[in-house]
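Me: I would like a close look at a single part of this structure. Please keep it brisk.

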Amino acid sequence: VNILVLGEDTREGESGGRSDTMMVLSYNKKTGTAKLVSVLRDTYVPIAGHGTWNRVNTAYRFGGVGMAINTINQNFGLDIQYYISTDFQNMQEMVDMLGGLELTLTKEEAAYINKTTKTSDLPEKDGTYTLNGAQVLTHSRNRKMGDGDWGRTRRQRDVLLSFFNRAKQEKDVASLLSLINGMTEHVKTNMSLGMMLDLGKAAVFSGNFTLQGGHIPFDKTWNYARVNGASVIKADLDKNKELVLEFLYEK
């Protein structure tokens, strides 16, 4: 089951959303394992149905969820049928609804959260802490720690993993259903409640469930470039198609 997870980053005073977060969540029913692959937003690709090349996150701006899914499917040989979309404000509200999320931070990340959210709640040392919605939002947006958007996408994968770990605290189907119901108020999706519950049960109550992360482009398959004055990531698309299929569908 392949699901495109989209995060809109529409800030105050802006109109229209940018898909600044794009992740492919792939669940293997046979093995009970899941893979989570971030698609770097500046990856330069042909945009499906648009007759032009651009950064991959412009597909969402040009044609919404459908064009975003088609663009990733066509460029990387995938068959994504489902999506879950939220904006960063709704993500913040979901985190607060859950009572916070547990995340492991470096001392630099903790200091950045304190400075950006104008609080001093977090000890500025390496450790695992419970973050509120505003702190998780700041952490998800952080690309100031030296590796730019690569580090930011890793942080976003860590946040989604923390959501999974929080769900695994539920002890029965009724409490899991209540949790999913609460979260669906903050997302858009074409998945039915029944399907989300089935996947949730498989993840939460399976003893061998694992979630492994990766990114597109893969290491050593890309370089920075400038196109029409814009900085982009030029990737070997054929090689990345091969690698992502190996990663998602390994037996």
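Which residues in α4 meet which residues in α5?

Reply: This is a predicted model, where local features need pLDDT of at least 70, side-chain atom pairs count only at pLDDT 80 or more, and totals for chains, interfaces and linings use all residues. Residues are numbered from 1 along each chain as its sequence is written, and side-chain values use heavy atoms, with hydrogens and water left out.

In α4, Val136, His139, Ser140 and Arg141 meet Arg152, Arg155, Gln156 and Val159 in α5. Contact means heavy atoms within 4.5 Å. By class, this contact has 2 nonpolar, 3 polar and 3 charged residues. Here Asp, Glu, Lys and Arg count as charged; Ala, Val, Leu, Ile, Met, Phe, Trp, Tyr, Cys and Pro are nonpolar; the others, Gly among them, are polar.

Now the geometry. Helix α4 spans residues 133-141 and helix α5 residues 148-167. Helices are DSSP runs (H or I, at least four residues), numbered from the N terminus. The two pack at an angle of about 145°, with axes 7 Å apart. Axes are lines fitted to C-alpha atoms over the stretch in contact, and angles run from 0 to 180 degrees between N-to-C directions.

Arg155 of α5 also has a charged partner. It forms a salt bridge with Glu109, the closest N and O atoms being 2.8 Å apart. Glu109 lies in helix α3 (residues 107-117), so the pair ties together parts 46 residues apart in sequence. A salt bridge is a side-chain nitrogen of Lys or Arg within 4 Å of a carboxyl oxygen of Asp or Glu. Both Glu109 and Arg155 are buried, meaning under 20% relative accessible area (1.4 Å probe, protein chains only). Salt bridges link Glu109, Arg154, Arg155 and Asp158 in a network.

Notes: Buried means under 20% relative accessible area, exposed over 50%, partly exposed in between (1.4 Å probe, protein chains only).
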